[in-house]
Amino acid sequence: MEQHPLPRRLAAEAVGTALLVFVGAGAVPALILFDQDAKSAFSGPSLGFVALAFGLIVAGLVYTIGKVSGCHINPAVSIAFAATRRFPWREVPPYAAAQLAGATAGAFLIWGVFGDRATRLGYGFGVVNFDRAVTSWGSAMLAEALAAGILVFIVLGAIDRRSPHAVAGLVIGLALAAIIVTVGPVTNASTNPARSFGPLFVQTVNGSGTHNWLKFLFAYTPAEVAGAIGAAFLYDLIAKRPVSASRSDGSSSRASAASGGSSWSGRRGPTTTPVTPGSARSQAIASAADETPRSAAAAARPSSPR
């Protein structure tokens with residue numbers, strides 16, 4: 001993957017998360033306004049349309065900004081990738097800040113587009129919530145941990161160099177839609193701390209609804225981060241191919257499945273060595289991975305499209 005400067009990658013993450021919130025969470029007030037008798041778009045047939053909105057925008061963003069920033073658009077994904085040495089820890093804070101800022105901008109766009117009509121709706125800014133009368137904190141946290149974990153597990157499989165990358169965005173988007181259909185009735189299926197933060201912040205500023213900050217801080221966010229990290233380690237345990245050959249310096253000759261020809265060293269930072277088709281290095285990587293060297297165009301895929 002072509003290495004883009006950090007400011008450009010942060011801009012991509014901010015724009016991507018803003019669009020995720022505006023289109024995905026924005027589908028909630030749109031559907032409520034469409035069906036004036038509905039109290040929530042997270043119930044009945046409307047849930048499928050919300051899931052579809054999220055899935056399609058994520059699929060589009062994977063192909064649009066994946067080649068720039070990796071299209072994490074989710075702090076839990078960035079943290080999980082860093083925990084499994086797919087992403088540098090030092091870039092997690094700026095990535096998370098860009099994602100939270102983008103999510104907030106996306107929620108303000110919802111306010112700008114729907115205006116006062118959104119403020120009169122309980123879910124007007126697409127906030128996530130769970131009803132403590134029917135769902136315990138433990139159940140809600142388990143649901144969100146599973147949602148974020150399943151998403152990260154599928155993301156890692158989709159971007160694995162052994163998988164067909166042409167359909168990675170579609171696979172990730174459809175997986176997110178399926179997760180929302182299942183978990184939506186329980187917790188409104190956040191799966192993403194930034195997606196929760198933006199609408200909640202704007203609704204707090206607007207003063208039009210419940211400010212579920214305790215749930216955001218102590219249920220949604222920790223559960224999603226824990227689920228994402230656990231899923232990343234589980235994927236490595238199940239799907240990581242054993243390396244039978246080593247370079248002369250003793251380090252693994254196979255590049256990380258999620259780094260597209262780059263390796264991450266926790267002490268020295270990310271290092272990328274150009275891989276020319278037909279070169280000795282490309283042959284060594286292909287041999288260690290039991291693969292045929294791919295073309296330069298294929299090698300330029302997104303490093304972590306989600």
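In which hand of crossing does α2 pass α3?

Guide: Happy to take you there, and please keep in mind that this is a predicted model. Helix α2 passes α3 in a right-handed crossing. On the α2 side, the contact is made by A27, V28 and L31, and these meet S46, F49, V50 and A53 of α3. Sorted by class, the contact of α2 with α3 has six nonpolar residues, one polar residue and no charged ones. As for geometry, the axes of α2 (residues 27–34) and α3 come within 10 Å and cross at roughly 150°. Angles over 145 degrees count as roughly antiparallel, and α2 and α3 are therefore roughly antiparallel to each other.

Now turn to the other partner of α3. Helix α1 (residues 6–25) packs with α3 at an angle of about 170°, their axes 9 Å apart. That angle makes α1 roughly antiparallel to α3. From α1, the residues in contact include R8, R9, A12, E13, L19 and V23, while α3 brings, among others, V50, A53, F54, I57 and L61. By class, 13 residues in the contact of α1 with α3 are nonpolar, three are polar and three are charged. V50 and A53 are on the list for α2 and on the list for α1.

With a relative accessible area of 0%, H72 is buried. The side chain of H72 is joined to that of S78 by a polar contact of 2.8 Å.

How values were computed:
Residues are numbered from 1 along each chain as its sequence is written. This is a predicted model: local features need pLDDT of at least 70, side-chain atom pairs count only at pLDDT 80 or more; totals for chains, interfaces and linings use all residues. Side-chain values use heavy atoms; hydrogens and water are left out. Buried means under 20% relative accessible area, exposed over 50%, partly exposed in between (1.4 Å probe, protein chains only). A polar contact is a pair of N or O atoms within 3.5 Å; within protein, one must be able to donate a hydrogen and the other to accept it, and residues adjacent in sequence count only if both atoms are side-chain atoms. Axes are lines fitted to C-alpha atoms, for helices over the stretch in contact, and angles run from 0 to 180 degrees between N-to-C directions. Helices (H or I, at least four residues) and strands (E, at least two) are DSSP runs, numbered from the N terminus. Angles under 35 degrees count as roughly parallel, over 145 as roughly antiparallel, 65 to 115 as roughly perpendicular and the rest as oblique. A crossing is left-handed if the near helix is turned anticlockwise from the far one by less than a right angle, and right-handed if clockwise. Contact means heavy atoms within 4.5 Å. Ala, Val, Leu, Ile, Met, Phe, Trp, Tyr, Cys and Pro count as nonpolar, Asp, Glu, Lys and Arg as charged, and the others, Gly among them, as polar.
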